[in-house]
Amino acid sequence: MANDREVLKVVWEGKIPAKFVIDSNDNDEVYYLNLPRISYFALCTDKVKKHFQRHIEKEDDIWFSYMDVPLKFHIPIGVIYDLLVSDNSLPWQINVHFNKFPEDILFKFPNKDVIESHFLSCLKEADFLKHKGQVICQLQKKDHKQLFLGLQNDKFDQFWAVNRRLMETTEQENGFKNLPLRCYTDDGYSYLQKLITPLTEKGQKKTLKDLLVEFSTPAKKPVGAKTHGIEVPLETELQWLSETLSYPDNFLHLCLIYE
Amino acid sequence: MTDENQENSSLGVERLSIQPEKPAEIVKIDILLNAVGNSPIMKQRKWTVDWMKDISWVSKFIHKYLKLDSEDKLFLYINQTFAPSPDQILKNLYECYGSQNKLSLHYSISPAWG
Amino acid sequence: MTENDFRNIILKRLTERNVRESKFEEMVYYTHRMLERNYELKSENLAITLENEKLRKGIDAGGGIDLGSIARIQSLEKKLLEKQEELMDLHKRKSDHQSMIIDLNVKVSDLQKQIEHKNISLNEQQKLNQMLKAEVNLLTVKVGKLEELNSTLKDEHTALHLLFGSLEEKLKKTQAENAQLLERLMKSKAKDAEKMNEENETFLRKKNDAMKRELAEAMGSDSNTILSPPINEDAFFHGCSAPNVFFGDEIPNKVHMKFDSNDGEVNAVRWSPLMERMIATGGADRKVKLWDVGKGNTYELRGNLIGSNQAVTSLDFDSTGTLILASSNDYASRVWGINDHRLRVSINIVILSI
């Protein structure tokens, strides 16, 4: 059970201060914003858009980049930051663009419904891996709405009221069937995903160390993993990790650290 | 071993690349494309594809094959349960949801499972 | 490492991260506030400059510009703005108040309706109450009457009971007296009877003595005719009715009365055991005749009993004197009722050959 409310709350409250800069001669074109680590650019940037559209009259879709890398709208903000900003500099300087939308790299999310259905698809995939999809199909449409609105409006209790059911295991099961996780390599946005169980064949609880072994190739061996901006101790149990440090889409997003 | 080296060298490219370059050795899997509901059925449903391709590529491929308009939407599903992210690569999907070199997908012109 | 260890490490790192990353939080919020204020002021500024332009155009059209009047105009413009704002505020308040008034009116009408309803139901309840009270009164009156009746009946009952008791006692007393009187009566009657017996004894004794003397005299004479001594029928009858009387032997020597009772031979005669002076005669005329032989020498035909087919040979009364039995030469015996003279039974005895 994800009943470590203290840790869950601290995770939820993470915010990255960002400095949105638009390419222009006017020095006023700077906008500061605290971005929630667990949210998505598609959900948080209405104010940015509104601010910059006062000055730029273009009607094109807005998009963001950091150091010339376009920022994806559908990956949690914290993951993008941990992946791209290697020196942890703050505030995070993000460039705002209104033209030449990179359609081959970024996917458009014109309204909230599109990002909501993407979010729910992630939940369904995660539940499929954890419970063969049996928990999420017991939830009603209003529960789905509650999850998304809780995320969108920064309502921790509203969100976790429903999410704790997705983090439950019965007494017969000793943890989830498989763990929903994505391991980002040091190669941009690419990530690996495979079936990972929380227990070894002998029934012992796996730790992060075991996971790193499973994601090793003969050429590259990760020595650590980072998520939510912190390095995770190697002894951390994977079941606990999945229950407590997953993002709201119920996936663990781990940035692998190589030597 | 050489193959893997080549693969890794292609993966260890610019830190800020968006999609990995094709490795020298291409791993291919079979994907099965099943129609859902009123969607037009493809004559050829089984395709052997480089597993580093992503879902958006598959979507465009089906679009072209079925000669759909650019306005028409296409929805793809795995295990008839969830829609994978457009940038998800087939390799990851196969590792999790496929077997015996095959991965089954369902496509629909209207939302089927959300 | 136990669960707590790695968990604590993670928690510590996360809190450090939050501390690091939230250093800018305050400033970001502050910048937002500044920006908003900036926008507000810009828009205000814009509005004011536009108005200014309008006024300026107005003044230009009107003629010469006076610096002082410009200042006045500007101050008037300011006042105007203020007044417009006040006006808007007041309009707002007015509309609020109006909506409140409407709400309150609706509420008042609702409450009035409710009050009416309540009044109506109250009236009904009062009427009902009065009706019930009247009923209650009637019923209490009835109850009072019934109670009176009940008490009177009870009194009567006790009175009757007492009466009954006293009457019972009286009855017992009279019964006792009656018993006593009966005893006395019996005793006196017994005495009477004894006396009578004694008298009869002496009388008979005297008679016997007299008869003995007469017999002795008669023995002296040679007559063989049977003499019937004078029969004192009264004494006979009288003597018959008294208990404990015995009949002395007497030979009749004189005929008291003679009459033709039947046409032909008279075969049987009988006295009635019940009725005084009644005799029955049966003879060859096939009839049984009932006679009433009165005092002295009177005789009267009482009845004719017919039915026999041949001469009547013998007669007998039954013990009660209501029936008479006669045998006849026609091999039959018959029974008649005395009072109704009706043939009751006819008994034919047929003797078969032996």
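This text walks through chain A, then a helix pair inside it, then its side facing chain C. The model is predicted.

Start with chain A as a whole. Its secondary structure comes to nine helices and ten strands. Chain A has 259 residues, and 46% of them count as buried. Now take the contacts in chain A with a separation of 6 or more. Residues 24 or more positions apart account for 68% of these.

Next, look at one helix pair. Two packed helices are described by the angle between their axes and the distance between the axes. Helix 6 of chain A covers residues 141-152, and helix 7 of chain A covers residues 156-166. They pack at an angle of about 140 degrees, and their axes are 8 Å apart. Angles over 145 degrees would count as roughly antiparallel, so helix 6 of chain A is oblique to helix 7 of chain A. The crossing of the two is left-handed. On the helix 6 side of chain A, the contact is made by A:Asp143, A:Gln146, A:Leu147, A:Leu149, A:Gly150 and A:Leu151. Helix 7 of chain A answers with A:Gln158, A:Phe159, A:Ala161, A:Val162 and A:Asn163. By class, this contact has six nonpolar, four polar and one charged residues.

Finally, turn to the interface with chain C. Here 24 residues of chain A are in contact with 18 residues of chain C. Helix 1 (5-12), strand 1 (15-22) and strand 2 (30-36) of chain A each supply at least two residues of the side that touches chain C. Helix 1 of chain A gives the most, with four residues. By class, this side of chain A has 13 nonpolar, five polar and six charged residues.

Technical notes
Residues numbered from 1 in each chain as written. Chains lettered and ligands numbered in written order. Predicted model: local features only at pLDDT ≥ 70, side-chain atom pairs only at ≥ 80, totals over all residues. Contact = placed C-beta atoms within 7 Å. Nonpolar A, V, L, I, M, F, W, Y, C, P; charged D, E, K, R; others polar. Axes fitted to C-alpha atoms, helices over the stretch in contact; angles between N-to-C directions. Parallel < 35°, antiparallel > 145°, perpendicular 65-115°, else oblique. Left-handed = near helix turned anticlockwise from the far one by under 90°. Buried ≥ 20, exposed ≤ 12 C-beta atoms within 10 Å, placed from the backbone.
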